[in-house]
Amino acid sequence: MRGTISKSCGRRAPPDGDRVPKRRIVHKVPQSAGQMFGLVADVEAYPRFLPGCKDLKVLSSREADGKRLIVADMVVGYKMMTETFRSEVTIDEADKSIKVHYVRGPFRHLDNDWRFRDLPEGGSEIAFFIDFELKQRRLGLLVGGLFEHVFMRLIDAFESRARTVFPVV
């Protein structure tokens, strides 16, 4: 099932910047909110199914205020280019939300937010928001042109993983 992408929260890059548009997608899937939340919260599994994710190492994990806080390094690559970036991930099971905040790597900033809710008719709705800006102008121009394609591949990878792990009969 395809989601809807809201471009209203994004803007085109200014001529002298590396700004990549913000995106928000609301997506309905047949799996439950709990199943999808668990799938996205399992960051250590990302290298097995996320396109471009070559490796992921959890550097620390702890519980605080009923939330799981993770610091992880993710290695992403495409052809000859490989980058490592560190993020802080806040996993709130009670709220069915996951927040990712960038710490260091090739970005000026990176934030994304996942929210999951069960639907009365069955299945669930996933709301995903991403906002990032790259440090290097050249890389920003390249990624800016590919952003929509990469964004949809990311969403498709999670949906495909959900069908594999939680098949709907």
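Buried means under 20% relative accessible area, exposed means over 50%, and partly exposed lies in between (1.4 Å probe, protein chains only). This is a predicted model, in which local features need pLDDT of at least 70 and side-chain atom pairs count only at pLDDT 80 or more, while totals for chains, interfaces and linings use all residues. Residues are numbered from 1 along each chain as its sequence is written, and side-chain values use heavy atoms, with hydrogens and water left out.

## Overall build

The protein has three helices and eight strands. Both kinds of element are DSSP runs numbered from the N terminus: helices are H or I with at least four residues, strands are E with at least two. Along the sequence the order is β-β-α-α-β-β-β-β-β-β-α. Of the 169 residues, 41% count as buried. A contact means heavy atoms within 4.5 Å. Among contacts between residues at least 6 apart in sequence, 45% join residues at least 24 apart.

## Salt bridges

Side chains of opposite charge can pair when their charged atoms come close. A salt bridge here is a side-chain nitrogen of Lys or Arg within 4 Å of a carboxyl oxygen of Asp or Glu. The count comes to seven. Three of them are listed below.

| Pair | Closest N to O |
|---|---|
| Arginine 115 and aspartate 95 | 3.0 Å |
| Aspartate 113 and arginine 115 | 3.4 Å |

Take aspartate 55 and lysine 57. Aspartate 55 is partly exposed, at 29% relative accessibility. Lysine 57 is partly exposed too, at 48%.

What does the pair of arginine 115 and aspartate 95 tie together? Arginine 115 lies in strand β7 (residues 107-118), and aspartate 95 sits in the loop between β5 (81-92) and β6 (97-104), so the bridge joins parts that are 20 residues apart in sequence. Arginine 115 has a relative accessible area of 33%, which means that it is partly exposed. Aspartate 95 is partly exposed at 41%.

Arginine 115 also pairs with aspartate 113. Aspartate 113 is buried, with a relative accessible area of 17%. A network of salt bridges links Asp95, Lys99, Asp113 and Arg115.

## Glutamine 31

Is glutamine 31 buried or exposed? Glutamine 31 is buried, with a relative accessible area of 2%. This residue is found in the loop between β2 and α1 (33-41). The side chain of glutamine 31 reaches the backbone oxygen of phenylalanine 166 at 3.1 Å. Leaving out residues up to four places away in sequence, glutamine 31 touches Met36, Gly123, Ser124, Ala162, Arg163, Phe166 and Val168.

## The cavity

A cavity is a set of points on a 1 Å grid over the protein atoms alone, where a 1.4 Å probe fits but cannot get out; lining residues have an atom within 4 Å of a point. Its volume is the space filled by probe spheres set on the points, which are joined across faces, edges and corners.

The count comes to one cavity of 30 Å³ or more. The largest cavity has a volume of about 70 Å³. Ile25, His27, Val29, Met36, Trp114, Ile126, Phe128, Ile155, Phe158 and Glu159 line it. The elements giving two or more residues to this lining are β2 (23-29), β8 (124-134) and α3 (137-165).

The lining divides into eight nonpolar residues, one polar and one charged. Here Ala, Val, Leu, Ile, Met, Phe, Trp, Tyr, Cys and Pro count as nonpolar, Asp, Glu, Lys and Arg as charged, and the others, Gly among them, as polar.

Key
1 Å grid on protein atoms, 1.4 Å probe; cavity = no way out; pocket = protein on both sides within 12 Å on 5 of 7 lines; lining within 4 Å. Polar contact = N/O pair within 3.5 Å; in protein donor to acceptor, adjacent residues only side chain to side chain.
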